[in-house]
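Hi everyone, thanks for coming. I'll walk you through one model today, so please get it up on your screens.

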Amino acid sequence: MEKRTVIQTSLYYNEKVTNYVAIHPEDDMFSKAKLVEIFTPYDVVEFEVILHSTVTLGAIALNRFQRKKYHLKKYRSYFVRCCSSEKSSRTLFDIINERFNFKTKIGGMESVLEEIVGDVLLSRLYPQSFTSKTQINKPRGFLLHGRPGTGKTLLARTICDILDVTPKVIRGPEIFSCMLGESEKKIRELFDDARHDQKVYGANSKLHVIIFDEIDAICKNRAHGGLVRDTVHNNVTAQLLAEIDGMVYLDNILLIGTTNFLEEIDPALLRPGRIETVIEIKLPDATARSHIFDIYTKALLRNGALNQDVNINNIIQRTEGMTGSHVERLVRMATHAAMKRDITERNKFDVTEEEGDILEVCNRDFSEALSKLRPQL
Ligand SMILES: Nc1ncnc2c1ncn2[C@@H]1O[C@H](COP(=O)(O)OP(=O)(O)O)[C@@H](O)[C@H]1O
Ligand SMILES: [Mg+2]
């Protein structure tokens, strides 16, 4: 174990990793390590190593936000050690993330992404030399449920990026905007391309993904009666279930459903052989919110428009109970608060380019945004 002095770097904000330390390339102790652990005042935290010759030899450099986040003081020394074995400390998620780079788009979904990739997508991503020998049915899809704004739609689209597929996206409520009988036809037609490809290309058919966003509107629990449109709803639900059952013959299709109301979904949809994997997207905890915050402040940080006084820990604490969508909105609102403040302080609307260039989003802008965001919870 070595003690190292923390210095600050404003070198860059790495796109690919959340936590990193910059180390001099000739630092014998750590330059070969991919990961190091730093004993922060409260925890032992893993950081990826980035080599940079501008870092003082024998020091470890962090950007100011990482320093603040982990309570590491400038010019103080902390215990640092190499992670014993890089391989054993890397989780499946780390390996998946290295390949697909989720962390830059979606925060705090490690276990969910690991579950989806591991349990649903692998049979489509792993070499056929193995999968063709197994004869297991490929999972037909999964359902994401959770509070509005927790990132279900974003996650569904991210999965399509991983699969490199442009999905067909059907928003539940939209299906009913058509003429009587048309809704069922629309559902049927959604599966047509996959059916056609399977017929023509067989095992070589490309993958088709259909996202049923807010699927509760399409697949309403038929036991909950009383609505005027019940017959239409029932027909549409029956049509969707029939199509899913027909997918037995289709290997080239994946369904992703999202819903804010799991209890309103017809349980028939979730029976074995249909959409069996149901995944809850929970409210983000402090670590997850801090990742999401990093994603949306990345540009501000990189371009030097985030003031030093921004107290991330305090902001993260004050966003308890909020969704990813709230965090994103918070950053947007703070940015607007900064512009409003600047105009008021300058007492003129026509701020020049030069004047705008020196504006920074400050802690009080976040406080202002937080005070406005709170009542909406
Ligand atoms: N985990 C997250 N990481 C990054 N951004 C998020 C996350 N959760 C929500 N957001 C932001 O909130 C927006 C709304 O999320 P969305 O996927 O529409 O939520 P849902 O479908 O669960 O209602 C997203 O487009 C994104 O900007
Ligand atoms: Mg949604």
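So, to start: which of the 17 residues around ligand 1 come nearest? They're G151, K152, T153, G324 and S325. "Near" here means that a residue's C-beta atom, placed from the backbone, lies within 6 Å of the molecule.

Before I go on, some housekeeping. This is a predicted model, where local features need pLDDT of at least 70 and side-chain atom pairs count only at pLDDT 80 or more, while totals for chains, interfaces and linings use all residues. Residues are numbered from 1 along each chain as its sequence is written, and chains are lettered from A and ligands numbered from 1 in the order in which they are written.

Back to ligand 1. Three helices, α6 (152-163), α10 (286-302) and α12 (324-346), each supply at least two residues of its shell. Helices are DSSP runs of H or I with at least four residues, numbered from the N terminus. By class, the shell has six nonpolar, nine polar and two charged residues. Ala, Val, Leu, Ile, Met, Phe, Trp, Tyr, Cys and Pro count as nonpolar, Asp, Glu, Lys and Arg as charged, and the others, Gly among them, as polar.

Now zoom out. The chain is assigned domain 1 (2-84), domain 2 (92-280) and domain 3 (286-376), with bounds from an automatic or database domain assignment. Why does ligand 1 lie between domain 2 and domain 3? Because both of them give residues to its shell.

What about domain 1 and domain 3? Their C-alpha centres lie 26 Å apart, and six residues of domain 1 are in contact with nine of domain 3. Contact means C-beta atoms, placed from the backbone, within 7 Å. On the domain 1 side, that's two nonpolar, one polar and three charged residues.

Look at α3 (residues 92-100) and α4 (residues 110-125), which pack at about 80° with their axes 9 Å apart. Axes are lines fitted to C-alpha atoms, for helices over the stretch in contact, and angles run from 0 to 180 degrees between N-to-C directions. So α3 is roughly perpendicular to α4, a label for angles of 65 to 115 degrees. L92, F93 and I96 of α3 meet E110, L113, E114, V117 and G118 of α4. Those residues split into five nonpolar, one polar and two charged.

That's me done, thanks!

Notes. Contact = placed C-beta atoms within 7 Å. Parallel < 35°, antiparallel > 145°, perpendicular 65-115°, else oblique.
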